[in-house]
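Have the viewer open as you read.

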Amino acid sequence: MSPKLINSSPEAYLDSFDKFGIHLGLERIQQLLDALGNPHQQIPVIHVAGTNGKGSVCAFLLSILQAAGYRVGRYTSPHLIDWRERITINGEWIRDQDLLEALQQVESAINPDFPPTQFEVITAAMWWYFAAQKVDIAILETGLGGRLDATNVCDRPLVSVITSIGLDHCQQLGNTLGAIASEKSGIIKPLCPVVIAESHTEAISVLQAKVTECEAPVTWVSAAQPTTTGAIYQGFEYPLPLLGKHQLINSAVAIATIQSLRNQGWEISEAAMRTGLANAQWSGRLQWIEFNLDGKSHKILIDGAHNVAAAEYLRQFVDEAFPHQRKRWVIGILNTKDQAGILKALLAPDDLLFPVPVPSSATTSPQDLAQIASSMVRVKPHPYASLNLGLAATFEDQQNDVVILCGSLYLVGEFLSQLAST
């Protein structure tokens, strides 16, 4: 039996669906949307899948389209602080009242004998809300995979976008790049344009096969080149505010996607593209935060780095930015992730590690993280029972070390939530 929204907050109502777990498939979401009047068929869509870079690409696209004068819906996951941040129009979170109304509409459409998952409920609410708000265009990030993801109900996307592919969510998607690419390729639709980031040979062959099968016009994207003021992609120079070399490929993918829209008649000037790229923001990813702890001001770099590839990007960034400074890592990782692989990508022998729990029942214990990392660093890590205890220990006698918090977007979200409440 499905939970009820009566006398319940949107957060409590959505949390009540967590018991139904993750069940990939399109039958439940299609049934919901049909009962809601098929709002997904009323909205022009850019659909974005991939292992890393989805959020950044969506951030670039939102900012560019908004600069061009469009009313832009964006749907991303997971959230860092609040469910409302997943559903935005021109960057503004959905209001509590509007989310409540959308969830009430979804609740009325639920078949109690066929209960949807939590992600399907919030996704159906997003579709209903964007249609009700009559957005000009919606940018949708897949939640998990692509082929069976609840966002994958639009038959005619304006552009399907596939960002960098790596090993993540292997329990659901497979443990090879080819298998994962096959799932991501499910968002490619017959005769619809597709933009694909450069990737490993194994992934490219799978994606090319799907492109050929669908007779989809394809743009294969290589990374932009850095300049003294930003980057350049196919002769187009632009500012690049988001940190990290991986933004060279993410920004290039966004530009190629915008070019596809321009080819379809969307009015987006180069000036709007530059303005949008310059104004792009993506919270919790290579973001510097200044905050107070025990009456003292501190600075910390936060980043999700929740899989091996993302951890490698983060290590590359801090090595280039701070080549001669020791790193102190506050890390929490889910037990569904490659803990050893992430730690190996992040840690250098002279670094200091402060393992903490992720605010999730699926957290890896700090003790286990300390044990896994014990052979990777010279100073034996001490586990901490909470984020606050870990932070206090990290900044004690910090000297000139760089402090980074990473390993899970849920951990980053906990940190940002605590800041917001102070």
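How many cavities of 30 Å³ or more does the count come to? It comes to 1 cavity.

## Ground rules

This is a predicted model, where local features need pLDDT of at least 70 and side-chain atom pairs count only at pLDDT 80 or more, while totals for chains, interfaces and linings use all residues. Residues are numbered from 1 along each chain as its sequence is written, and side-chain values use heavy atoms, with hydrogens and water left out.

## The chain overall

The chain has 15 helices and 16 strands; these are DSSP runs numbered from the N terminus, H or I of at least four residues for helices and E of at least two for strands. Its radius of gyration is 21 Å, close to the 22 Å from the globule rule for 422 residues, so the chain is as compact as a globular protein of that length. (That radius is taken over C-alpha atoms, and the rule is 2.2 Å times the number of residues to the power 0.38.) Along its principal axes, the C-alpha trace spans about 60 × 55 × 40 Å.

## The cavity

The largest cavity holds about 30 Å³ of space. A cavity here is a set of points, on a 1 Å grid over the protein atoms alone, where a 1.4 Å probe fits but cannot get out; a pocket is an open set with protein on both sides within 12 Å along at least five of seven lines, and lining residues have an atom within 4 Å of a point. Points are joined across faces, edges and corners, and a volume is the space filled by probe spheres set on them.

Its lining is made of Arg 28, Gln 31, Leu 32, Ala 109, Ile 110, Asn 111, Phe 114 and Pro 116. Helix α2 (residues 27–35) supplies the largest share, 3 residues. By class that's 5 nonpolar, 2 polar and 1 charged, with Ala, Val, Leu, Ile, Met, Phe, Trp, Tyr, Cys and Pro as nonpolar, Asp, Glu, Lys and Arg as charged, and the others, Gly among them, as polar.

## The second largest pocket

Now for an open site: the second largest pocket has about 510 Å³ of space. Of its 23 lining residues, Arg 74, Gly 91, Gln 281, Trp 282 and Ser 283 lie nearest the centre. Helix α3 (residues 54–67) gives the most to this lining, with 4 residues. The lining's classes are 10 nonpolar, 9 polar and 4 charged.
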